[in-house]
Amino acid sequence: MSQRDKLLKMIEELVSIPSVTESPDESAPGIWIKERLEKLPYFIEKKEHLIWAETPLEGSGEKLHSLVARVDAAVPTKRTVLLIGHYDVVGVNVYGEMADNAFDVEKMTEHFNAGDDDVIYGRGTMDMKCGIALELDIIEEFAANRELFDVNIVAAFVGDEENASAGMRGVIPILSAMKEEGTDFLAVINTEPGEAGCQGESGPAIFIGTLGKIMPSFYVKGLPAHVGNYYKGFSSALAISRIVSYAEGNPHLADPFNGKCESSWICLDMGVMKDGYSVTVPDRAFAYFNCFTTTNTPADIMDQMKAIAGYALDQTLAQVAESHRNLLAMGCECKCFDVARPRVYSLDEVKDAARRNSKGSFDEELASFIRDLPAGDMRERGLAAVDKIADMSGIEGPYAICFFLPPWLPVRTNLTGESRDMQIVEAARSVIERLKNEYGIEMREVGLFGGLCDLSYVGAKVSSEDISALAENMPGWGDIYSIPMKDMQALGLPVINLGPSGEDAHKMTERLRLGYSLDILPELLRYAINKISQTVR
């Protein structure tokens, strides 16, 4: 069987496993890979080189399983290249009546393909079962011929990347332990599809960094009042809508990098927090945003949030005051409007107030509250915790609390000037030259992978100050959501993303282009590993 046919068969088998994020079958590809590798002579002898990691999924009783596989070079060495990839996929609701066939490559290709033999269709073909197959093929070949590389290869196959990266967060301690025991990780290669990391572009690309993400969030505490006494209250609904309208897409909040810019803040959810229907002016509301980061730290984002909230609350107060004046002139009998200027706090500041107000019982009471929260979405659980903290603080409204919700993906760029980072940039540029000279194909060098990926956790270089600003202002840090920060900081590896080619990740027309992905990329990946070995000192 040719390598192309072998890879295609592996992709089809992997795609046939419906490993939708947070579904019962999410870890099934890991089981499939593990059982496949366990049959190889190398892993029969080196059972300890297959590590089956169990990771709790926050907010549920389910467990996620990931696989870390290691193959050592024939000549003993500490020098090692890390491969990573995720085997979970997004859901198939977009397929409509064809959803039952979304994981059948043959049927999906027959349905969508107009005679193009270079393309296959199906959920996960592009994102990223092909990348998993490519990495698995390297592991299998290296296990059979350990002189293929003069460095060791470790591969981490994980789930939950499409949600909150629980899989990668779960294997970070394993990788950190390897490093502590002497493994010298030179770099990490991910095989996410290139088009997913650079929207609107097509064709081969290599990425030498990955975009960051943080979730700026707001909780507004207003003043309740009967709607007939509106001007004795302060509407949290109006205030939160002001925050959203001011922050959404605001170009001043964007974070450009090397002349390129991603979208600014995008509101992912907002709403009033109340139980049932009532004719009371809403006194609790929330909103949270997607925010891409390239240079901004959590502390920088907090400063922006406070400025946004302060401006929006002042504008809310001014709007209501003007409304009151105009209605008085029209005969309204609401004679009094005397609401204090709203204040703005960080979550950390409100927690301090709650500690003072509860006289020592705050931390224990909050921890108990979080433990008793029903299973569910991390954002919803985090909002419930903020609401509890606000109540425990005893602070009277109106005010806004600025905080963060999960997930958090730190930015990583190799353009730091540090020696190993720049050596990896050199290796990446050598891959570009290899593709041009051997195949006559141009490849783009891209600074940051824009699709967000697990490279953030193995490559992150973050300060203790950044971690403190994040942890102190994220509700339920360590319980609702956690990252093994010390292990993550211990890695901080240079990163490369070199993946297959295709189109329409997450859409019903998701597809993989076979010529580059199966005929050229396998050789390029092996070249990249060898080049890293030659380049990194």
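This is a predicted model: local features need pLDDT of at least 70, side-chain atom pairs count only at pLDDT 80 or more; totals for chains, interfaces and linings use all residues.
Residues are numbered from 1 along each chain as its sequence is written, and side-chain values use heavy atoms, with hydrogens and water left out. Local features need pLDDT of at least 70 and side-chain atom pairs count only at pLDDT 80 or more, while totals for chains, interfaces and linings use all residues.

## Nonpolar cores

In soluble globular proteins, nonpolar side chains tend to be buried together. A nonpolar core here is a set of buried Ala, Val, Leu, Ile, Met, Phe, Trp, Tyr and Cys residues joined through side-chain atoms within 4.5 Å. Buried means under 20% relative accessible area, exposed means over 50%, and partly exposed lies in between (1.4 Å probe, protein chains only).

The largest nonpolar core holds 106 residues. Its members Leu175, Phe218 and Trp265 touch the most other members. Helix α8 (residues 298–329) supplies the largest share of this core, ten residues. Helices (H or I, at least four residues) and strands (E, at least two) are DSSP runs, numbered from the N terminus.

Contact means heavy atoms within 4.5 Å. Not counting residues up to four places away in sequence, Leu175 touches Val68, Leu82, Val154, Phe185, Val458 and Leu491. Another core, of 63 residues, lies apart from the largest one. Its members include Val71, Phe149, Ile208 and Ile496.

Ile301 sits in helix α8. Ile301 counts as buried because its relative accessibility is 0%. Leaving out residues up to four places away in sequence, Ile301 touches Ile214, Pro216, Trp265, Cys291, Thr293, Asn296 and Phe404. Its C-alpha atom is 36 Å from that of Ile432, 131 residues apart along the chain.

## Cysteines

A disulfide is a pair of cysteine sulfur atoms within 2.5 Å. A search of the whole structure finds zero disulfides. For Cys267, the nearest cysteine sulfur is that of Cys291, 13 Å away. For Cys291, the nearest cysteine sulfur is that of Cys261, 11 Å away. Cys267 counts as buried at 18% relative accessibility, and Cys291 counts as buried at 1%.

## The largest pocket

Rolling a probe the size of a water molecule over the atoms shows where empty space is left. The search runs on a 1 Å grid over the protein atoms alone. A pocket is an open set of points where a 1.4 Å probe fits, with protein on both sides within 12 Å along at least five of seven lines. Lining residues have an atom within 4 Å of a point. Grid points are joined across faces, edges and corners, and a volume is the space filled by probe spheres set on the points.

The largest pocket has a volume of about 740 Å³. Its lining counts 31 residues. Asp127, Glu162, Gly451, Leu452 and His506 lie nearest the centre. The elements giving two or more residues to this lining are α5 (125–144), β12 (284–293) and β18 (501–503).

The lining divides into ten nonpolar, nine polar and twelve charged residues. Ala, Val, Leu, Ile, Met, Phe, Trp, Tyr, Cys and Pro count as nonpolar, Asp, Glu, Lys and Arg as charged, and the others, Gly among them, as polar.

Most residues other than glycine have a negative phi, and most peptide bonds are trans. The table lists exceptions.

| Site | Feature | Value | Loop |
|---|---|---|---|
| Gly397 to Pro398 | cis peptide bond | omega near 5° | Pro398: between α11 (378–393) and β14 (399–404) |
| Pro406 to Pro407 | cis peptide bond | omega about 5° | Pro407: between β14 and β15 (412–413) |
| Ser165 | positive phi | about 60° | between β5 (152–158) and α6 (166–180) |
| Lys359 | positive phi | about 55° | between α9 (347–358) and α10 (362–371) |

Ser165 is buried, with a relative accessible area of 3%. Lys359 is exposed, with a relative accessible area of 77%.

## Two further loop residues

Glu442 lies in the loop between α12 (419–439) and β16 (444–446). Glu442 is exposed, with a relative accessible area of 56%. Leaving aside neighbours within four places in sequence, Glu442 is in contact with Pro204 and Lys436. Glu442 and Gly203 are 239 residues apart in sequence, yet 8.4 Å apart in space, C-alpha to C-alpha.

Ser60 is in the loop between β1 (50–56) and β2 (63–71). At 36% relative accessibility, Ser60 is partly exposed. The C-alpha atoms of Ser60 and Glu445 are separated by 40 Å, with the two residues 385 apart along the chain.
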